[in-house]
Amino acid sequence: MPEPQAAHAACPHDPALVTLCWRTVREPPPLAADTVHLWRIALDESAGDAGAAWLTSEEHAHAAQLHQTELRRRCLSGHAARRAILGGYLATAPAELRFARGAAGKPMLVGVAQPLEFNFSASGALALLAVSLAEPIGVDCEWLRARVDAVAIARRMFGVARAAELAALPETACWRAFYRDWTALEARVKRDGRGLARHRVPDPPDIAVAHAAPAPGAICALARRRLPPPSAWQTFRFSAGMACPPR
């Protein structure tokens, strides 16, 4: 019997947001069709040589394109953690997982019996992996920081009317509202893989988006059909020592 999930709480800086509480587990718990699992990954905690050995040449090449050593290390750490978590659900060694891209470019698992859907987002050293059974899901996370270009970006991405609404807000409220809009947009376009280039393509009418605080000073959004409220999300903290299925 898995340990019960600790209750999420209201965010002290934004009462409309739920602050997520993370539980460390030895392996992924069972995943039901009506639930969402969200994993918090600290990208500065490396899985070491074992994690690097799980990755394909393509994953190593993707990281090598990044100019900064820290970014390359975090990229490899994220790939390794994703493999460890998904391998846990599938009782498959991390190195044996195979990925492909769907018609719209979204990463997906291939050659597995369980219809496991996932999506990954990273901001600095914080990363989130959302996992869903059968139903496509999108996730985005961002650190909240003041930005002077919020209204300009909103005009280009959200339209003139929404940009005017943001411009009328006090400065702090403006960029906080901007990050709500931005993470919602990213989660929606990542759910089906269409990307920001096709962000004006309408969503199906039953897609829901919800926000939460994954860490102090950060915000995240999930997009999915039949999305549970943030208070019902099952949230876990990835540990580099998490058990991995044997080969």
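**Close-up views of a predicted model**

**View 1. Helix H3 and the residue that follows.** Helix H3 of this predicted model covers residues 69-90, a run of 22 residues. From the first C-alpha to the last, H3 reaches 32 Å, close to the 32 Å expected at 1.5 Å a residue. Just after H3, Ala91 takes a positive phi of about 50 degrees.

View 2. His79 is located in helix H3. With a relative accessibility of 15%, His79 falls under the 20% cut-off and therefore counts as buried. Leaving aside residues up to four places away in sequence, His79 touches Leu55, Glu59 and His62.

**View 3. Leu17 in strand S2.** Strand S2 spans residues 14-19 and includes Leu17. The relative accessible area of Leu17 is 3%, so this residue is buried. Ile219 is 202 residues from Leu17 in sequence, yet the two C-alpha atoms are 8.5 Å apart in space.

**View 4. Packing of helix H4 with helix H6.** Two packed helices are described by the angle between their axes and the distance between the axes. For H4 (residues 150-157) and H6 (residues 171-192), the angle is about 35 degrees and the axes are 10 Å apart. The crossing of H4 past H6 is left-handed. On the H4 side, the residues in contact are Ala150, Val151, Ile153, Ala154 and Met157. These meet Cys174, Phe178, Trp182 and Leu185 of H6. By class, this contact of H4 with H6 has 9 nonpolar residues, with no polar and no charged ones.

Key:
Residues are numbered from 1 along each chain as its sequence is written. This is a predicted model: local features need pLDDT of at least 70, side-chain atom pairs count only at pLDDT 80 or more; totals for chains, interfaces and linings use all residues. Side-chain values use heavy atoms; hydrogens and water are left out. Helices (H or I, at least four residues) and strands (E, at least two) are DSSP runs, numbered from the N terminus. The expected span of a helix is 1.5 Å times one less than its number of residues. Buried means under 20% relative accessible area, exposed over 50%, partly exposed in between (1.4 Å probe, protein chains only). Contact means heavy atoms within 4.5 Å. Axes are lines fitted to C-alpha atoms, for helices over the stretch in contact, and angles run from 0 to 180 degrees between N-to-C directions. A crossing is left-handed if the near helix is turned anticlockwise from the far one by less than a right angle, and right-handed if clockwise. Ala, Val, Leu, Ile, Met, Phe, Trp, Tyr, Cys and Pro count as nonpolar, Asp, Glu, Lys and Arg as charged, and the others, Gly among them, as polar.
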